[in-house]
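Keep the viewer open and turn the model as you read.

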Amino acid sequence: MKKFSISLSTFCTSVLLFTNIMAQTQYRELPDATRVAPPIEKTVAPGDKYLPNIVILATGGTIAGSAASSTQAGYTSGQVTIDAMIAAVPDAKKLANIKGEQISNVGSQDMSFDIMLKLANRINELTKSNAADGIVITHGTDTMEETAYFLNLVVKTDKPVVLVGSMRPSTALSADGPLNLYDAIAVAADPEAKGHGVMLVMNDQIHSAQSLVKVSTTAVQTFMSPLRGIIGSSAYGHNEFYRIPHKIYGANSEFSVEGVKTLPRVDIVYACVDMPADLIDASVQRGAKGIVIAGVGNGNMTKAALDACQRAVQKGVVVVRSSRVATGDIGRNVEVDDNKIGTIASYELNPQKSRILLSVALLKQRKPEEIQKLFMEY
Ligand code: ASP
């Protein structure tokens, strides 16, 4: 009898131990659980110590926008606070310990280098000090590709940094913001997202900052990565990563904005039929250190404009040839003799991203061939 009771208690202890180990294993396996059904809320409670710490840096945009009615097209960006946005996705607390910080509250048409520098420095601080395992940035979609690409160049971490926005304001019928925010938190909280650089999560897709572009003024499916494709998917917090982006970014990037207060002026000049040269000359006169031409086709422009580019280069201004076309490489010496004129080809970068790379590159004295190399590597 005594022998039996010892066996029974040993048996009970073993069952308890086993259950405990299983429960802990489930906690530890939390990240994988985000990729298989059923979702992770089965195993974790808000505030659980195994949950990753995610900081949401809010900047404004339509995701924080509001209108007088749920069906009205007109609205104002950057009205809702980060606390209200977090409150709209209560289930996100099961994915991570979440904190919000309001960096700005503007429509991203008013995004500035000032705010972008503030964001970059805050991300570097939070990730370096281990206050955050991942970062989410809420942002308007209009200039999201510029901020995303800028951060991809200057944040010094392998931890996930995820931008998210929406196309419909928070007050709209079928507002897309809450689910986008939930998915963005799920990606930022996923250890498998590490090392992918700065990402954008919207409408179930994960894009790399390097390849994404905004393609529709109104559609919910507004972001595409036409040249390289998306890098993963996220649906209701279930993430899949397809590949690591191919370019240099994050901890491997040579750029730093530590102590930087402002960026050099770089203008974009848009090419068209019968393009005059005087906007290029005016840009030089107004003190631009760099000019990006949104060229036709493979970065082409009129003869008059090319002559103006050559004049600019001779005055020490760096001129990059990009394209107004939605996709495709802009190669060196294809129809324009870059070697003779001294221009730089932007390769995969559209005009707005070329401007970001050139602004950051011009923080340091660099030879034209060094700048050309940056356009091939980043
Ligand atoms: N104008 C808005 C913005 O960029 C558009 C949006 O967020 O979708 O802030």
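Helix 10 and helix 11 cross in a right-handed sense. This is a predicted model, and in it the two axes come within 11 Å, with a crossing angle of roughly 135°. An angle over 145 degrees would count as roughly antiparallel, so helix 10 and helix 11 are classed as oblique to each other. If you zoom in on where they touch, you will find Ser354, Leu357, Leu358 and Ala361 on the helix 10 side, meeting Ile371, Leu374 and Phe375 from helix 11. By residue type, this contact divides into six nonpolar, one polar and no charged.

Now let's move to helix 4. Helix 4 covers residues 113-128, which makes 16 residues, and its first and last C-alpha atoms are 22 Å apart, close to the 22 Å expected at 1.5 Å a residue. Just after helix 4 comes Asn130, whose phi is positive, at about 65°.

Which residues of helix 4 are buried? They are Ile115, Met116, Leu117, Leu119, Ala120, Ile123, Asn124, Leu126 and Thr127. As for what covers the buried residues of helix 4, the list includes strand 1 (53-60), strand 2 (97-106), strand 3 (134-138) and strand 4 (161-164), along with helix 5 (144-154) and helix 10 (351-361). Helix 10, then, is among the elements that cover helix 4, and it also meets helix 11.

Helix 5 deserves a look of its own. The axes of helix 4 and helix 5 come within 10 Å and cross at roughly 45°. That angle makes helix 4 oblique to helix 5. The crossing of this pair is right-handed. From helix 4, the residues in contact are Met116, Leu117, Leu119, Ala120, Ile123 and Asn124, and their partners in helix 5 are Glu146, Thr147, Phe150, Leu151 and Val154. Sorted by type, the residues of this contact come to eight nonpolar, two polar and one charged.

Finally, zoom out to the whole protein chain. It holds eleven helices and 14 strands. How many of its 378 residues count as buried? The share is 49%. Among the chain's contacts between residues at least 6 apart in sequence, 71% join residues at least 24 apart.

Methods
Residues are numbered from 1 along each chain as its sequence is written. This is a predicted model: local features need pLDDT of at least 70, side-chain atom pairs count only at pLDDT 80 or more; totals for chains, interfaces and linings use all residues. Side-chain values use heavy atoms; hydrogens and water are left out. Helices (H or I, at least four residues) and strands (E, at least two) are DSSP runs, numbered from the N terminus. The expected span of a helix is 1.5 Å times one less than its number of residues. Buried means under 20% relative accessible area, exposed over 50%, partly exposed in between (1.4 Å probe, protein chains only). Contact means heavy atoms within 4.5 Å. Axes are lines fitted to C-alpha atoms, for helices over the stretch in contact, and angles run from 0 to 180 degrees between N-to-C directions. Angles under 35 degrees count as roughly parallel, over 145 as roughly antiparallel, 65 to 115 as roughly perpendicular and the rest as oblique. A crossing is left-handed if the near helix is turned anticlockwise from the far one by less than a right angle, and right-handed if clockwise. Ala, Val, Leu, Ile, Met, Phe, Trp, Tyr, Cys and Pro count as nonpolar, Asp, Glu, Lys and Arg as charged, and the others, Gly among them, as polar.
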